[in-house]
Amino acid sequence: MNGVSSSGGIRGALSYCVQQVRRYDYHHYLCLLELPANMRKAAFALRAFNVETSRAMDVASDPKIGLMRLLWWQEALDKIYSNKVIEHPVAQALTSVVSEHKVSKSWLKRAVESRINDANRENNDIPQTIEELERYAEDTTSTILYSTLQAGGIKSTAADHAASHIGKASGLLLLLKSLPYHASRNHQFSYIPAKVAEKHGLLVHQSGQSEIKKDSREALCDAVFEMASVANAHLQKARQLAESVPAEARPVLLPAVPAQVILDSLARVQFDVYDPRLAQGILGAPPLLFQLKLKWYSWRGKY
């Protein structure tokens, strides 16, 4: 009996997914623990898939190897939806989830293809507008929420709209928080749009190419504040939809809480992404405070 059809194999694959999410995406791991038991299997498999694809470029010493990982996942999705056996625990868990819950292939393909396009981008090929980053955030983050709602059998236009806004906010804020990492790795602020950089005096043109200055901390804080304000607007829009969102969908939308925590942490350090306090605790917040806040929103049926 193969690994996918064996209940023991599936249990092992799901256990691996849980551990990967716990290790590399701890704030979302805590969110998923608040889901009803019958939704956790699919949610952890989908979030583990996101861990695999989001880390592909980071764990590879050579960008070409990272791109190969993403292309492997693009191919793996075709096999998963053809119910073919793949010797990878996350792929095995996803195969089981797709078979059981009929999760749309389009969302997962969209997530991988967006990351492939990003991986193919040259370091000095920076996005022009914040709308480009919003699309990237929706393609890579909102899609996981859409898929989780679908796996839970939740059909709600309001929930989908809220998920779209929460994914955009979360994706933008995580990109902001990771700016120092990407700057040290790529020697460039890859995720500050050219128009935002130019507005705050960060954009320089050399030899026909645009580059973002790394030596103006104050201007960088202003640019981060502008981008964080866009993320905040998405969170506000998601919460304005709360009354229309079915009760069973609200636990899926709890990632709005860690997004708000990042926003609050950035505000506390005046939007200085190099402030070491952002690396403390969970997303810059004391772990106990983060968990209490998450529990409070979950208990109140809010997000």
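**Cavities, pockets and the domain contact**

Modeller: Start with α3, which gives the most to the lining of the second largest cavity, with four residues. Helices here are DSSP runs (H or I, at least four residues), numbered from the N terminus. A cavity is a set of points on a 1 Å grid over the protein atoms alone where a 1.4 Å probe fits but cannot get out, and lining residues have an atom within 4 Å of a point.

Colleague: Before we go on, what kind of model is it?

Modeller: This is a predicted model, where local features need pLDDT of at least 70, side-chain atom pairs count only at pLDDT 80 or more, and totals for chains, interfaces and linings use all residues. Residues are numbered from 1 along each chain as its sequence is written, and side-chain values use heavy atoms, with hydrogens and water left out.

Colleague: OK, back to that second largest cavity. Which residues line it?

Modeller: N38, M39, A42, A43, H101, T148, A151 and G152. They split into four nonpolar, four polar and no charged. In this scheme Ala, Val, Leu, Ile, Met, Phe, Trp, Tyr, Cys and Pro count as nonpolar, Asp, Glu, Lys and Arg as charged, and the others, Gly among them, as polar.

Colleague: What lines the largest cavity?

Modeller: L32, L35, A43, R47, I144, L145, T148, P251, V252 and P255. The elements giving two or more residues there are α3 (37-59) and α7 (130-151), and α7 gives the most, with three. By class, that lining has eight nonpolar, one polar and one charged residue.

Colleague: Why does the largest cavity lie between the domains?

Modeller: Because domain 1 (1-120) and domain 2 (122-302) both give residues to its lining. The bounds come from an automatic or database domain assignment.

Colleague: New topic, then. How many residues does each domain bring to the contact?

Modeller: The domain centres, taken over C-alpha atoms, are 22 Å apart. The contact (heavy atoms within 4.5 Å) takes 30 residues from domain 1 and 33 residues from domain 2.

Colleague: How much area do they bury?

Modeller: About 2700 Å² between them, 60% of it on carbon and sulfur atoms. Buried area is the accessible area (1.4 Å probe) that two parts lose on being put together, summed over both. In domain 1, H27, E34 and W107 lose the most area to domain 2, together 22% of what that side buries.

Colleague: How many salt bridges across that interface?

Modeller: The rule finds three, a salt bridge being a side-chain nitrogen of Lys or Arg within 4 Å of a carboxyl oxygen of Asp or Glu.

Colleague: Last one: what about the largest pocket?

Modeller: About 1600 Å³ of space lies in it. Of the 50 residues lining the largest pocket, the closest to its centre are S54, D58, S178, Y181 and H182. A pocket is an open set of points with protein on both sides within 12 Å along at least five of seven lines. The lining of the largest pocket has 20 nonpolar, 17 polar and 13 charged residues, and α3 gives the most to it, with eight.

Technical notes: Grid points are joined across faces, edges and corners, and a volume is the space filled by probe spheres set on the points.
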